[in-house]
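Subject: Structure for your review

Hello,

Please find the structure below, with notes on what turned up in it.

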Amino acid sequence: MYFEQTTPERVGISSRGILDFWDRIEGERLEIHSLMILRRGKCCCAGWRKPYGPDYPHGMNSFSKTLTATAVGFAVQEGQLSLEDRLVDIFPDETPENPSAHLRRATVRDLLTMACGHETESADTSPNWIRAFLRHPFVHEPGAHFFYNTAGTNLLAAAVRRKTGRNVTAYLRPRLFDPLGIGPVPCHMLADGTEMGGAGMRLRTEDMAKFMHFLAQKGEWEGRRLLHPAWFEAACRKQIDTPGDPSRPDGEWGWGYGFQCWMGSVPGSFRADGAYGQFGFLYPDLELEIITTAAVQRTQILVDCVKETLLPAVGGEALPCHPAADRLSQKMAELTLPALYGDRNPLRESELAGKRFVCAPGACSSLERLVGGAGLYAVEEGSITRLAFGFEEDACIWRVGENGEEKELRAAMNGGFALSECGGRVYAATARWRDFKALEMEIRCVEAIGGVRLIFRFLANGVTMEADDTLLTSDGFGLFERRIPALFTATAEPAGEAK
């Protein structure tokens with residue numbers, strides 16, 4: 001780990017308060033994947049809920065927006081962009097022949113503050129998405145109307161690419177990522193080759209923490225000035241009011257917006273904010289940064305847990321060692337998602353040995369699409385055509401025939417998760433028998449925000465499959481539609497190599 005590790009009490013934080021945070025999180029049944037707390041540049045708490053871990057990049061969703069804004073900051077510093085550059089001047093070839101007065105006035109600054117003038121989001125995903133964005137109605141005077149959207153941030157990424165000749169992550173590599181020691185930052189590409197700067201990045205938790213500490217130091221790193229502090233004076237303070245009543249219990253998004261970051265209810269605080277709980281909280285007056293990755297629909301509750309348990313635990317100077325310190329250390333080391341539990345089913349497992357189940361090509365999604373997971377925006381297309389099941393002492397081995405090859409995924413049946421690599425992705429899986437004829441399996445790609453729960457029901461003539469997302473969500477953001485056949489038909493063919 002880059003950051004010096006210490007105990008909470010040595011930097012003035014009560015271990016009891018951090019344990020209270022976990023008690024609240026677990027009482028609310030919020031799925032937190034990782035937590036890292038920095039104070040005064042030292043890491044006093046870090047943990048990952050297995051099967052997630054420190055080495056796996058995690059879907060960021062809109063946390064990506066703050067990184068894209070930082071790329072704009074570097075481009076401004078180097079004279080390649082200006083906040084007052086008009087969109088019609090950056091993209092003259094994509095601008096309508098007779099642009100409206102509002103479009104003619106819209107600038108980079110307006111995109112940064114989510115106030116370009118749109119009232120609805122441009123949803124075009126074709127290679128001509130920039131043209132579609134500039135033809136989308138600019139209903140409001142630029143700078144006057146806040147409308148949160150991802151397409152506008154993607155246009156900022158396109159502006160960086162247009163003016164610098166490089167996509168956001170490549171542009172940031174020598175300016176930010178390499179100086180901070182941030183590893184690979186995968187990012188989803190849009191149809192025209194522009195990176196999805198509004199939501200498409202994946203980072204490790206510690207890399208999120210490095211970025212937030214860079215913001216806390218207003219662009220300085222290890223004594224070296226990387227980005228001028230004047231950028232942060234503008235970017236990290238309120239530039240525009242946001243809808244909603246901040247006095248309401250659900251009002252954490254009503255405190256205003258900076259340059260692609262949200263202001264917080266604690267004076268001076270702000271956060272990089274990705275859907276489902278990919279948060280970087282920064283409290284300058286407390287010299288405190290809190291990082292979370294999660295799969296949480298009720299993100300206001302997560303914010304409340306931070307405000308009502310962690311912040312009251314922060315004091316001034318070092319505190320006496322708290323009796324809870326050892327319990328906290330043990331807690332952070334033992335974090336794990338609940339696995340599936342159930343009795344084994346020896347007779348059914350024996351009957352399935354050597355059996356294969358088939359469906360027509362195209363009837364079933366690929367394994368990647370079947371597992372899915374918010375935070376991934378591109379998965380391998382294809383079609384599962386064959387299934388087979390094998391059983392060992394502590395695991396179910398699920399074999400799928402897909403695109404002419406066989407993939408094998410191991411699901412632990414001993415109360416944990418087993419890891420498998422398939423098609424370049426790492427999956428974690430757990431399984432149990434729900435009853436004599438039904439096998440349940442939970443699978444997650446460890447770089448995604450959620451996963452899938454599968455139920456296989458074994459019938460006399462084959463097996464049916466049901467699939468539900470592990471993430472409870474009302475809008476399906478970042479999730480994939482799946483194709484599920486009515487039946488995988490049993491075949492007498494031996495379950496060997498897939499064809």
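**The second largest pocket**

The lining of the second largest pocket is made up of 25 residues, and those nearest its centre are Arg29, Leu30, Glu31, Pro338 and Arg453. Two elements each give two or more residues to this lining: helix H1 (15-27) and strand S18 (438-445). The space in the second largest pocket comes to about 710 Å³. By class, its lining residues are 10 nonpolar, four polar and 11 charged. Please keep in mind that this is a predicted model.

Two packed helices are described by the angle between their axes and the distance between the axes. Those terms are used for each pair here.

H2 with H7. Helix H2 (residues 63-77) packs against helix H7 (residues 151-164) at an angle of about 30°, and the two axes are 10 Å apart. The crossing of H2 past H7 is left-handed. On the H2 side, the contact is made by Lys65, Thr68, Ala71, Val72 and Ala75, and these meet Thr153, Leu156, Ala157, Val160 and Thr164 of H7. Sorted by class, the residues of this contact between H2 and H7 are six nonpolar, three polar and one charged.

H2 with H9. The axes of H2 and helix H9 (residues 205-216) cross at roughly 50° and come within 12 Å. H2 is therefore oblique to H9. This crossing of H2 and H9 is also described as left-handed. From H2, the residues Phe63, Thr66, Leu67, Thr70 and Phe74 meet Met208, Phe211, Met212, Phe214 and Leu215 in H9. The contact of H2 with H9 has eight nonpolar residues, two polar residues and no charged ones.

H2 with H8. How are H2 and helix H8 (residues 168-180) packed? Their axes are 10 Å apart, at an angle of about 70°. An angle of 65 to 115 degrees counts as roughly perpendicular, so H2 is roughly perpendicular to H8. H2 contributes Leu67, Thr68, Thr70, Ala71, Phe74 and Ala75 to the contact, while H8 contributes Val168, Tyr171, Leu172, Arg175, Leu176 and Phe177. The classes in the contact of H2 with H8 are nine nonpolar, two polar and one charged.

**Two backbone points**

Which form does the peptide bond from lysine 50 to proline 51 take, cis or trans? This bond is cis, with omega near 15°. Proline 51 sits in the loop between strand S3 (42-48) and strand S4 (58-59).

Asparagine 61 is not a glycine, yet its phi is positive, at about 45°. Asparagine 61 is found in the loop that runs between S4 and H2.

Regards

Note on methods:
Residues are numbered from 1 along each chain as its sequence is written. This is a predicted model: local features need pLDDT of at least 70, side-chain atom pairs count only at pLDDT 80 or more; totals for chains, interfaces and linings use all residues. Side-chain values use heavy atoms; hydrogens and water are left out. On a 1 Å grid over the protein atoms alone, a cavity is a set of points where a 1.4 Å probe fits but cannot get out, and a pocket is an open set with protein on both sides within 12 Å along at least five of seven lines; lining residues have an atom within 4 Å of a point. Grid points are joined across faces, edges and corners, and a volume is the space filled by probe spheres set on the points. Helices (H or I, at least four residues) and strands (E, at least two) are DSSP runs, numbered from the N terminus. Ala, Val, Leu, Ile, Met, Phe, Trp, Tyr, Cys and Pro count as nonpolar, Asp, Glu, Lys and Arg as charged, and the others, Gly among them, as polar. Axes are lines fitted to C-alpha atoms, for helices over the stretch in contact, and angles run from 0 to 180 degrees between N-to-C directions. A crossing is left-handed if the near helix is turned anticlockwise from the far one by less than a right angle, and right-handed if clockwise. Contact means heavy atoms within 4.5 Å. Angles under 35 degrees count as roughly parallel, over 145 as roughly antiparallel, 65 to 115 as roughly perpendicular and the rest as oblique.
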